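User: Can you walk me through this one? I'd like the core and the pockets.

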Amino acid sequence: LRAGRHLKVIGRHGVGVDNIDIQAATELGIYVTNAPESNAGSVAEHTIGLIIAAARNFVQCDGALRRGNFEIRNQLIGEDIEGKVLGLIGVGKVGRRVARKASRGLDMKVIGYDPFSDHALVPEVEFSDSIQEVLRTADFVSLHLPANEQTMGLIDKAGLLMMKSSAFLINVARGGIVRENDLVEVLSERRIAGAALDVFTEEPPDPSNPLLELDN
């Protein structure tokens, strides 16, 4: 920021500004803006894609087929999404779109937790009083939270163990919201069915990251 002697504005494509030093920008008189509507639709579609991929074992079946195992179709059976419960933690611009697509397009029941959301804007969501209730109830838990002091590390081992053993965690928000070491442990022990991750605490992830070694 200090090197940009004539810098006046930083325009962030997307919502999160956690990768910008806001305090330094403020001290230097640099305006920071974001674009909350710019990719909300894309992220919502990506979320739905990950839910379907997890339910249908797309990644595992694709890999097995490429290795010559045509019988994987009879060995690894997916599950229907219709009637399943989608739990949203964070029901903002992205979460609302995910709720509509899941409810209207996939016939899922949608529950959510967001103390800041206008519940009237999302009639598709049955709002819960706590994150814990969402974790315990949902078949798919999808995170749509900003990264800040309150949310970093929010999903820890205790929270993960509240989830059903058949449930999946979806994270397209920020990697640091989930404690990765705890997730590795829970996935390794098959305490939940799996996780679909678009983000990591360290990006790009280190090739030695144990998450990359897990098939679920």
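This is a predicted model: local features need pLDDT of at least 70, side-chain atom pairs count only at pLDDT 80 or more; totals for chains, interfaces and linings use all residues.

User: Which residues have the most contacts inside the largest nonpolar core?
Analyst: Ile 51, Leu 86, Leu 88, Val 98, Val 125 and Phe 140 do. That core has 26 residues.

User: Which elements give two or more residues to this core?
Analyst: Helix 2 (40-56), strand 3 (85-89), helix 5 (93-106), strand 5 (125-127) and strand 7 (168-171). Helix 2 provides the largest share, eight residues.

User: What is Phe 140 in contact with, leaving aside its neighbours within four places in sequence?
Analyst: Its partners are Ile 51, Ala 55, Lys 84, Val 85, Leu 86, Gly 87, Met 108 and Phe 168. Another core, of 25 residues, lies apart from the largest one. Leu 135, Ala 138, Leu 143 and Val 184 are among its members.

User: Back to helix 2. How many residues does it have?
Analyst: Helix 2 has 17 residues. From first C-alpha to last it reaches 25 Å, close to the 24 Å expected. Its buried residues include Val 43, Thr 47, Ile 51 and Ala 55.

User: What covers the buried residues of helix 2?
Analyst: The cover includes helix 3 (58-66), strand 3, helix 5, strand 6 (140-143), strand 7 and strand 8 (194-197). Asn 57 follows helix 2, with a positive phi near 55°.

User: New topic. What volume does the largest pocket have?
Analyst: About 870 Å³. It is lined by 35 residues, and the closest to its centre are Val 15, His 144, Leu 145, Pro 146 and Ala 147. The lining divides into 19 nonpolar, 11 polar and five charged residues. Helix 5 gives the largest share, three residues.

User: And the second largest pocket, how much space lies in it?
Analyst: About 560 Å³. Of its 20 lining residues, Gln 60, Ala 195, Ala 196, Asp 215 and Asn 216 lie nearest the centre. Strand 8 gives the most, four residues.

User: Last one: does Ser 117 count as buried or exposed?
Analyst: Ser 117 counts as buried because its relative accessibility is 13%, under the 20% cut-off. Ser 117 sits in the loop between strand 4 (109-113) and strand 5. Beyond its neighbours within four places in sequence, it is in contact with Val 91, Val 122 and Phe 127.

Technical notes:
Residues are numbered from 1 along each chain as its sequence is written. Side-chain values use heavy atoms; hydrogens and water are left out. A nonpolar core is a set of buried Ala, Val, Leu, Ile, Met, Phe, Trp, Tyr and Cys residues joined through side-chain atoms within 4.5 Å. Buried means under 20% relative accessible area, exposed over 50%, partly exposed in between (1.4 Å probe, protein chains only). Contact means heavy atoms within 4.5 Å. The expected span of a helix is 1.5 Å times one less than its number of residues. On a 1 Å grid over the protein atoms alone, a cavity is a set of points where a 1.4 Å probe fits but cannot get out, and a pocket is an open set with protein on both sides within 12 Å along at least five of seven lines; lining residues have an atom within 4 Å of a point. Grid points are joined across faces, edges and corners, and a volume is the space filled by probe spheres set on the points. Ala, Val, Leu, Ile, Met, Phe, Trp, Tyr, Cys and Pro count as nonpolar, Asp, Glu, Lys and Arg as charged, and the others, Gly among them, as polar.
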